[in-house]
Amino acid sequence: MEADLRVLLVVWILSTMGASPELASEVTVPLVPVDAVEGRTVKFPCDVSSPNPADKVYMVFWFKDDSGVPLYSFDVRGMPLDQAHHYSAPDVFGNRATFRTVTDPACLLVDEVHRNDEGVYRCRVDFRNSATKSFRYNLSVIVPPEHPVVFDRLGRQLNMTVGPLDEGDGIALICRVIGGNPPPLVEWLKNDQVVDKECEHNSKDVIENRLHWPSVSRHDFGSVFTCQASNTKLMNPRQASVVLDLRLPPLTVTFSVMDEILVADRRYDIQCHSAGSRPPASITWYRNDKRLPKIKQDDVKENVTSSEMTFVPTTDDNGKSITCRAENPQVPKMALEDNFILKVVFAPIVSLRLGNSIDPNGIKEGDDVYFDCHVKANPPSTKLTWYHNGLTLNLNSSVRTMKSDNNLVLQRVSRNVAGRYACRATNSEGESFSNELSLRIKYAPSCKTDRVMVIGASRGESMDVPCEVDADPPAKGFRWKFNNSGETIDIGPERYISNGTASVLRYTPVADLDYGTLSCWATNGVGQQYVPCLFQMVAAGKPQSVHNCTVRNNTDGAVDVQCEPGYDGGLQQVFVLEVYAENLDSQADGEELYRNLTDRMSPRFSLGKVALGVLYTARMYAANAKGKSTAVTLPRFSFPSSENQMGFGVEVLKVSPMLITVVIVCLLLFVLATIVVIKLKTANSRKRNSRQPTGGDKQVIVHQRSNGQVASSILETDTDPDLIQVKYDPSDAPKLRNGGSQFSDDAHDASVAGWIATNAAVAAQTSQAPLSRSSSSSTGTLRRGTGPAINDRQPAPGDPARRWNDVTPKPFSYTHHHHHHQQQSSPPPPPPPLPPHHVRVRPDPIELNGAEIKEKLMMSSGHIPESCV
C-alpha cells in the first residue's frame, strides 16, 4: 500500500508540473511490432542498464497507447534491485504481468494474452543521474483456428483411419477448418509431404480443402494423410490425420528349413510362414487333397503369420505332397500355396505267407512247398534272410532248399523241415522280421526213439510197456508182436490199450521163454509205421557198484566226488554217498558221519567247502528196488590246514617296502614259470595217458593212521583202477522208468506215466531166488540224457490218476500164450538176449526173429560179451 501511494504521488507531481509522459520523451522512440497468440505469454523487452556504470535505475513505468497513467511500475528507490516494489493496474494486466530484471535485457511478461490486449505499449526507464530511456511495442494478438475435421466423400467424419480399401480404390477426403485470425492456410500432406494447398471458403469463417486420390496401391498401405491449418509461426499448425487401411492378399508363403528325407514314424515339426497379408493370413495344411488338423494356433507378428504342424510320416506317405495354403479371408481369390514332396524312408515291412496254391492243412512228406516273403521298404531291401525255428536257414539245392527272388522253395519236404518259418529283410534304415508261419507236414507214424528199449522185470511181475510214436495226424491203430529165439506171436488187441500217441501193453513174464523182444507198429491217415518200436524184456536184479571214482577240489574251494555208474540191474537206481570225518590232530581212532547225499541222476556229488586239517573217508554205492550194490570206499583225504599253508608260528621279519616289492615280483615270476612247466608236462602226460588228471586240479592229501601216527601222501588217481580221472558229463546219467525202461523226457508222453506204476513196489514184495547166471552177468543198457528219471510217486494200477482207467488189459505172457496155442516140443531156449548199449534199428524187414536180433546186438556193440547175448 505504501508503494502504491508513492507511485500515485509521483504521478500527481508530474501532472501538476504540466509534464506528460509524451513530453518527457525528448526524441521519437521507434515502434517494434510484437505478435502474441491468444492464451499464451508475450514478452516486452526493456533495457534498464545505464550508460554510466556508476549510475543506477531509479524507476520503470509501462504505459499503453496514449494513456498518461502507468499500467505497471517498478520502484527501486532507496532499496536493492531485487527488493524493488511492483505495481500492476488491476483493470489492465493485474496479476498476469510481471517485470523481471534477472534476464538481459529486463522484460515485462504478460500471461494469457487476450484479444483486448492489442495496442501500443511504452516502457520508460528513469535513472538517478542519467537521461531517461524509452521503448515502444505494437502488440498484435493472433487467434488460432479450431482443429480441422476430416470427412469422407459421403460426409462421414473420419477419426483415425480411412478404409479398409482394396488395391486400386480411390480416395476422397474433405478437411474443414473453422475460425482463425488472420484466416488460416489449410493444406493436405501425405506422409509429411504437401500434396494439396488449394482451399475454398464455404462461409465467413469456414475454410475447406478437398483431396482426391485416384488409386491406392500396396505401397500406400499405412500412409498418413494429414489436414493442416496454420495462421502463425508462433505455434504448431492445427491438424488432423487419418491412416490408410487396405485389405491385402499374402505376398509370400514359404516352408522353414527342414530335412529333405524323413524317417517313418518319427515326429517332425514343420513350419510355414506367410507375409504381406492385411489382415493376417489364415494358414491351412493339406496332405495331397486331404486337409490336416492343426494343434497349435497361428503366431502373428506384424504382417507375418507363422503356422506349425506336428507331422508323423508313415510308410504310405512316401511320394505324397504337403501343401501350406495362405489366404486372406477378406480377399479369398488371392490365396498363395507352397508344397513339397515327401521322401519317407523306413525299415522293411515284411510279411510271410504260403504259396496261393498250397493248402496248409494238406501238406504231406514228399510234397513241394514254397513261401512268399512280401517286402515293402524304402530304400529297397538289400538282403533277405530266411529262418527255420529261429535259426538261419542255409539255402542249398542239394538238400532241396532254394530261394527265388522273395520266395523260399522246399522240394520233396520231410518231417524234419516242419516248424516255424520267418524271413528278415535289411536296408540302410534297419532290419525287420516277418510274422512266423508254422509249416505242418503230415507223416506216417515212427517210433519216438530209434533204439531198443530195455525193460527189467522179475518173474511174475506185471509190467506196463508203453509204445510211444511220433505221427501227424495221430495214430488211429496199433498192433503188437512178441518174439523170442523160438517163434513170433501176434498179441491180441485185448492185451493193450491205445490212444493217438501211445499204446500200453500189460506184460507179465513167468518163465525164461517170456523174456524176448516186443514189437509195436502204429497206423494213421498217411500210412503204416515202417520200422517197429522194439522192447527187450530182461530179468531185473541188484545194480553193480560204481567205478572210476575221483575226489577233486574245484576252483570255488568245494570238494567234488565223481564216479561212473555200473549196470542198474534193469531197474531205476539211485546213488548214495556217505562221508565220514576224523580230526587229524586227535590221537583217538574213530569216525563220525559228516555228510549223507543221494542223487537219482548220476554218481556225482559236491561236498561244498570242507574244514581244513580234517581227515575224510567217502563210501558210495548204488541201490534199486532189488537191493544195493557193494559200497566203494575211497582212500582217506584231507586238505592242509591254514598253519601249514600260511606258515603260522613263524616270526615275521621287519623288512623295507622295497624288499617286499622285489620278493613279490620274484615270486610272481617263479609262479608263472611253474605254471608254464606244469602246462607243458600236462600236455605231454595227456598224450601218453588220457586218464591222467589235469594239471590245474588242487592237491588232495591222503592220510593213513598207523600206531597212533598219521602218514600223509598225495593221492595218485592212477594207482587204482577205481580211482581215475572221470571223463564224465552230467548228461550221461541214465533215464530209467518203470523198472529199467529208458525214455527221453521230451519224447515220453505224460499220458503213459500213469501206466508205469508198480515196478518198485512189486519188485520189493516179490521174494525169489537169485537171478540166473546169464541175467546176473548181463550189463544194463544206459542212454545219455539230462532229464530226471521217474521212479517214485508213480500211481498204482488202480489210482484215479491213471490214463484209460476204464480199461484193464489182460496181462500177456508168452508161456501162457504158448500153452493155449501149441505143444512145446523143443528144448528150453537159452536165456533171452541182452540189448547192446545203443542199437539202431535199420529199416530191414518189419518182422524180426530172435536170431536176427541177436546178430544185430552182437554187431552193434563191442563191449557186451557173447555170453550175455
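Two strands are taken to pair if DSSP finds at least two bridges between them, and the strands themselves are DSSP runs (E, at least two residues), numbered from the N terminus. The structure is a predicted model, in which local features need pLDDT of at least 70 and side-chain atom pairs count only at pLDDT 80 or more, whereas totals for chains, interfaces and linings use all residues. Residues are numbered from 1 along each chain as its sequence is written, and side-chain values use heavy atoms, with hydrogens and water left out.

On these terms, a hairpin of 4 connecting residues leads from strand S41 to strand S42. Strand S41 covers residues 477–483 and strand S42 covers residues 488–491; the two run antiparallel and are joined by 4 bridges, with Lys481 having Asp490 of S42 as its bridge partner. Strand S41 is also joined to strand S45 (residues 517–523), again in antiparallel fashion, through 7 bridges, and in this pairing Trp480 stands opposite Cys520 of S45. Of the 7 residues of S41, 5 are buried, so the strand is largely enclosed by the rest of the structure; buried here denotes a relative accessible area under 20%, exposed one over 50%, and partly exposed anything in between, computed with a 1.4 Å probe on protein chains only.

An open sheet of 4 strands is arranged in the order S38-S40-S44-S43, with antiparallel pairing. Its edges are formed by strand S38 (443–447) and strand S43 (496–498), each of which has a single partner strand, so one side of each is left without a neighbour in the sheet. From one strand to the next the twist averages 20 degrees, where axes are lines fitted to C-alpha atoms (for helices, over the stretch in contact) and angles run from 0 to 180 degrees between N-to-C directions. Strand S43 is linked to strand S44 (residues 502–507) by 3 bridges in an antiparallel arrangement, and Ile497 stands opposite Val504 of S44.

A further open sheet consists of 3 strands in the order S47-S48-S51, and the pairing is antiparallel. Strand S47 (547–553) and strand S51 (604–608) are the edge strands, each pairing on one side only, and neighbouring strands of this sheet are turned against each other by 15 degrees on average, direction ignored. Strand S48 (residues 559–564) and S51 are joined by 4 bridges, and Asp560 has Ser606 of S51 as its bridge partner.

Asn624 belongs to strand S52 (residues 614–624) and, with a relative accessibility of 12%, counts as buried. Its C-alpha atom is separated by 6.5 Å from that of Lys542, a residue 82 positions away along the chain. When neighbours within four places in sequence are set aside, the residues in contact with Asn624 (heavy atoms within 4.5 Å) include Gly541, Lys542, Pro543 and Asp568. The side chain of Asn624 also reaches the backbone oxygen of Gly541 at 2.8 Å.

The structure holds 7 disulfides, each being a pair of cysteine sulfur atoms within 2.5 Å. A disulfide is a covalent bond between the sulfur atoms of two cysteines. One of them is formed by Cys46 and Cys123, with sulfur atoms 1.9 Å apart; the torsion about the S-S bond is about -60 degrees, so this disulfide is left-handed. The pair links distant parts of the chain, with Cys46 in the loop between strand S2 (42–45) and strand S3 (57–64) and Cys123 in strand S8 (residues 119–127), 77 residues apart, and both cysteines are buried.

The disulfide of Cys175 and Cys227 has a sulfur separation of 1.3 Å and, with -70 degrees about the S-S bond, is left-handed. It connects strand S13 (residues 171–178), which holds Cys175, to strand S18 (residues 224–230), which holds Cys227, across 52 residues, and both Cys175 and Cys227 are buried. In the disulfide that joins Cys373 to Cys423 the S to S distance is 2.0 Å, and the torsion of about 85 degrees is such that the disulfide is right-handed. Cys373 lies in strand S30 (residues 369–378) and Cys423 in strand S35 (residues 419–427), 50 residues apart, and both are buried. Cys199, by contrast, is in no disulfide, the nearest cysteine sulfur being that of Cys227 at 8.1 Å; Cys199 is partly exposed, with a relative accessible area of 33%.

Definitions and conventions:
A polar contact is a pair of N or O atoms within 3.5 Å; within protein, one must be able to donate a hydrogen and the other to accept it, and residues adjacent in sequence count only if both atoms are side-chain atoms.
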